[in-house]
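Please keep the sequence and the 3D view open as you read.

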Amino acid sequence: MTPPDNPSRQPQSDRHWTLAAFRHGAADVLPFVPGLAAFSMAYGTLAARKGMTLVETLLMSATVFSGVVQMVVLDGWPEVLTAGAIIGILALTALINARYLMIGATLRPLLGGQPAHKVYPTLYFLVEPSWLMTLRYHSNGGRDPAYLLGGGITMYVVWVTTAIPGYIAGAAVGNPQQFGIDLMVPAFFVAMMVPLWRGVRRSWGLIVGALAAMLTEYLLGGFWYLIVGAMAGCIAGALNDD
């Protein structure tokens, strides 16, 4: 009798996008939901104070789906949208989201060989929490790409919908900083680093990236710390790869 094929040895194109893996991915990102909701509410509050309508606020969340970009762009939102301002916003968005080039590359072992009509919609919902959990899922032997999709869509729904209460509260908040809203972004990303910590040696890239980002912020200001920190962390991680 011929033994059944080992699923882990089947070609990647033959792997199924199962509902079970989708649910698994959705469940595994639930610990990130409270932090993400607080982050989104902070964005909604800022959007309201910048004079955006609720429809515009939700449309930005639904199409951009990048918390750091949305917060940074709104913080410097001009009173008049000139051609120069629009170009600057686009350039800033591309600069901050350049990290997804490296994040996406790490998903090649899971998504490589999969149908394009499934991969590209899945990548639209790619965010750091679902990415982190997918790396752990893959390292533990998981091979179903629907896991990534489940986590991403869960994050997407939470991000878009929880901006609503933040927006409603925005007009009533005199100074958002008195409630610690300005700390939501750094607190959220620090919390996401916890699953990646595997001791000093295995987390050398995280340490170097964080130090490089802080030094760049001190010396240059602006948003260069995002790029410098990401590049320094990747290089350090690659040189320290076991």
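Y43 and W159 are both buried, where buried means under 20% relative accessible area, exposed over 50% and partly exposed in between, with a 1.4 Å probe and protein chains only. Before going on, please note that this is a predicted model, in which local features need pLDDT of at least 70, side-chain atom pairs count only at pLDDT 80 or more, and totals for chains, interfaces and linings use all residues. Residues are numbered from 1 along each chain as its sequence is written, and side-chain values use heavy atoms, with hydrogens and water left out.

**Aromatic pairs**

How many aromatic pairs does a search of the whole structure find? The search finds seven. Rings of Phe, Tyr and Trp (its six-membered ring) pair if their centres lie within 6.5 Å; planes under 30 degrees apart count as stacked, over 60 as edge-to-face and the rest as tilted. Y43 and W159 are stacked because their ring centres are 5.9 Å apart and their planes lie at 25 degrees. This pair links distant parts of the chain, with Y43 in helix α2 (residues 33–49) and W159 in helix α10 (residues 146–161), 116 residues apart. Helices here are DSSP runs (H or I, at least four residues), numbered from the N terminus.

Another stacked pair joins Y137 and Y147. Y137 sits in helix α9 (residues 128–139) and Y147 in helix α10, 10 residues apart. Y137 counts as buried because its relative accessibility is 14%, and Y147 counts as buried at 2%. The two stacked pairs described here have these values:

| Pair | Centre to centre | Angle between planes |
|---|---|---|
| Y43 and W159 | 5.9 Å | 25 degrees |
| Y137 and Y147 | 3.9 Å | 0 degrees |

Ring pairs also tie F65, Y124, F125 and Y156 into a cluster. Leaving aside neighbours within four places in sequence, F65 is in contact (heavy atoms within 4.5 Å) with residues including Y124, F125, M155, Y156 and W159.

**The nonpolar core**

A nonpolar core is a set of buried Ala, Val, Leu, Ile, Met, Phe, Trp, Tyr and Cys residues joined through side-chain atoms within 4.5 Å. The largest one has 45 residues, and those with the most contacts inside it are Y43, F65, L111, L126, M155 and W159. Elements giving two or more residues to this core include α2, α3 (54–64), α4 (67–75), α5 (83–96), α9 and α10. Of the elements, α10 gives the most, with nine residues.

Helix α2 has 17 residues and reaches 24 Å from its first C-alpha to its last, close to the 24 Å expected at 1.5 Å a residue; the expected span is 1.5 Å times one less than the number of residues. Its buried residues include L36, F39, Y43 and A47. Just after α2, G51 takes a positive phi of about 90 degrees.

T122 lies in helix α8 (residues 116–124). Is T122 buried or exposed? T122 is buried, with a relative accessible area of 3%. Beyond its neighbours within four places in sequence, T122 is in contact with W17, L148 and L149.

**The whole chain**

The chain has 14 helices and zero strands. Of its 242 residues, 38% count as buried. The mean pLDDT (the predictor's confidence in each residue, from 0 to 100) is 82, and 79% of the residues reach 70 or more. Over residues 1–8 pLDDT stays under 50, and the model has two contacts for them beyond four places in sequence.
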